[in-house]
Amino acid sequence: MRERALLAALDALAKAGITSYLEANTSEETVRNYVQLARNQQLHAHVVMALRSDGIDSEAEFTRLKVLRTLAASEPLLRADYIKLFADGLMEFPTQSAAMLEPYLEADGKPGRNFGPTYLLPDVLSWFIRHADGEGFNVHIHAIGDRAARIALDAYADSRAHGGQRSYSIAHLELVDPQDLPRFKALNVYPSLQLQWARPDNYSVEAVLPYIGAARQQRPYPERSLKDAGATIVGGSDWNVSTFSPFEAMAIAISRRNPAEPQRGELGANETLPLRDLFAACTIDAARMLGLDANLGSLQAGKAADLIVLDRRLDDASASSEVLATQVRSPS
Ligand SMILES: [Zn+2]
């Protein structure tokens with residue numbers, strides 16, 4: 001049953017043009033499903049799995065993670081050498097569980113008292129990441145609020161200071177404090193951005209913006225600010241909360257408009273990037289983050305012919321509606 005669902009998802013991913021991806025927050029059951037599909041010769045994508053963990057450092061937890069990593073390594077298309085951790089929750093009212101440097105505002109616009117919870121204490125996170133480094137695991141941290149981003153960067157900085165060489169990434173990054181922007185480059189941490197969300201809609205306009213105030217409203221989903229600060233941004237999705245279409249994400253990221261509700265205007269209009277930067281984020285730079293760039297991510301002699309064909313030519317002058325309407329040609 002689960003295998004059939006996974007096969008259907010793999011088919012839909014292929015049709016959307018996705019040939020390799022990070023499967024974030026993978027359960028043990030899902031690792032086993034992927035291995036079974038690969039053994040049945042039904043897997044045609046490169047899949048790197050970020051194993052779900054509660055982030056509590058113990059020998060038992062690392063033993064469990066290593067068993068799953070070894071299992072995945074039995075199949076050439078699979079790897080499970082990432083760990084996914086959660087630094088915080090969500091920014092939307094009324095949940096407001098994203099960790100913020102400044103408190104959420106109340107409905108009347110006055111500063112409130114909620115800064116959002118910290119899911120992992122800084123020391124606990126640092127110890128876990130150092131242990132993960134010693135065991136050869138890469139780390140991917142969910143951070144929505146600017147305090148969560150800072151905590152994640154602090155833990156990565158601690159690991160780098162102790163010689164940590166692994167691939168480190170932070171997913172989502174709905175808000176980043178301007179002071180922290182240069183740290184992505186300095187620490188070689190990849191921002192993994194889900195830019196399908198970077199549009200005005202009920203969630204952003206009604207459940208987030210009123211509660212963060214004017215200054216923070218200027219810089220949600222800071223794709224351009226990160227890029228300008230030298231970070232290597234990587235494109236992702238939050239399927240099944242969002243679609244996984246990279247063309248939808250890119251159409252929104254170059255316009256910061258909502259294709260379904262154009263009358264709403266833009267969300268963070270200063271943060272757009274040209275299409276070429278987003279193509280890089282979804283291809284070679286994503287491959288770099290996953291350590292697959294020697295073989296994948298660009299058209300180059302000697303690399304795998306792991307390519308897709310689009311139904312149109314796209315460049316920086318393409319309208320977001322053109323990007324959104326792009327289809328991947330199926331082999332005929
Ligand atoms: Zn997440």
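**Note on the predicted model**

1. Lys 66 is partly exposed, with a relative accessibility of 27%. This residue forms a salt bridge with Glu 135, and the closest N and O atoms are 3.1 Å apart. The two partners come from distant parts of the chain, 69 residues apart: Lys 66 belongs to helix α3 (residues 59-72), whereas Glu 135 sits in the loop between α4 and β4. Glu 135 is likewise partly exposed, at 21% relative accessibility.

2. The strands are arranged as follows. An open sheet is formed by 7 strands in the order β1-β2-β3-β4-β5-β6-β7, with parallel pairing. Its edge strands, β1 (20-26) and β7, each pair on one side only. Strand β2 (residues 46-52) runs parallel to strand β3 (residues 78-86), and 5 bridges join them. Leu 51 has Ile 83 in β3 as its bridge partner.

3. On one pairing, β5 is joined to β4 in the parallel sense over 5 bridges, with Ala 143 opposite His 172 of β5.

4. Ala 171 stands opposite Ser 192 in β6. Together with helix α6 (residues 181-187), β5 and β6 make a right-handed β-α-β unit.

5. Which protein donors does the zinc ion have? They are His 142, through ND1, and His 172, through NE2, at 2.1 to 2.2 Å from the ion. The pair links distant parts of the chain, 30 residues apart, with His 142 in strand β4 (residues 138-143) and His 172 in strand β5 (residues 168-172). Both His 142 and His 172 are buried.

6. The structure holds 23 salt bridges. One of them is formed by the side chains of Arg 224 and Asp 228, at 3.9 Å from N to O. Arg 224 and Asp 228 are separated by about one helical turn because they lie 4 residues apart in helix α9 (residues 223-228). Arg 224 is partly exposed, at 29% relative accessible area, whereas Asp 228 is exposed, at 56%.

7. A further salt bridge joins Arg 276 to Asp 316, with the closest N and O atoms 2.1 Å apart. Arg 276 lies in helix α11 (residues 275-282) and Asp 316 in the loop between α12 (284-289) and α13 (320-325), so this pair ties together parts that are 40 residues apart in sequence. Arg 276 is exposed, with a relative accessible area of 54%, while Asp 316 is partly exposed, at 37%. Elsewhere, salt bridges with shared partners join Arg 150, Asp 154, Asp 177, Asp 180 and Arg 183 into one network.

8. On the surface, Ile 56, Leu 121 and Val 124 form a nonpolar patch with about 250 Å² of accessible area together. Val 124 belongs to helix α4 (residues 122-134) and is partly exposed, at 31% relative accessible area.

9. Finally, Trp 239 is found in the loop between β7 (234-235) and α10 (246-255). Its relative accessibility is 49%, so Trp 239 counts as partly exposed.

Methods:
Residues are numbered from 1 along each chain as its sequence is written. This is a predicted model: local features need pLDDT of at least 70, side-chain atom pairs count only at pLDDT 80 or more; totals for chains, interfaces and linings use all residues. Side-chain values use heavy atoms; hydrogens and water are left out. Patches are made of residues with over 30% relative accessible area and no salt bridge: like charges are joined within 9 Å, nonpolar side chains (Val, Leu, Ile, Met, Phe, Trp, Tyr) within 5 Å. Accessible areas come from the Shrake-Rupley method with a 1.4 Å probe; for residues, only the protein chains shown count as cover. A salt bridge is a side-chain nitrogen of Lys or Arg within 4 Å of a carboxyl oxygen of Asp or Glu. Helices (H or I, at least four residues) and strands (E, at least two) are DSSP runs, numbered from the N terminus. Buried means under 20% relative accessible area, exposed over 50%, partly exposed in between (1.4 Å probe, protein chains only). Donors are N, O and S atoms within 2.8 Å of the metal (3.2 Å for Na, K and Ca); water is not among the atoms, so sites may look incomplete. Two strands pair if DSSP finds at least two bridges between them. A crossover is right-handed if, with the strands pointing away from the viewer, the path from the first strand over the helix to the second runs clockwise.
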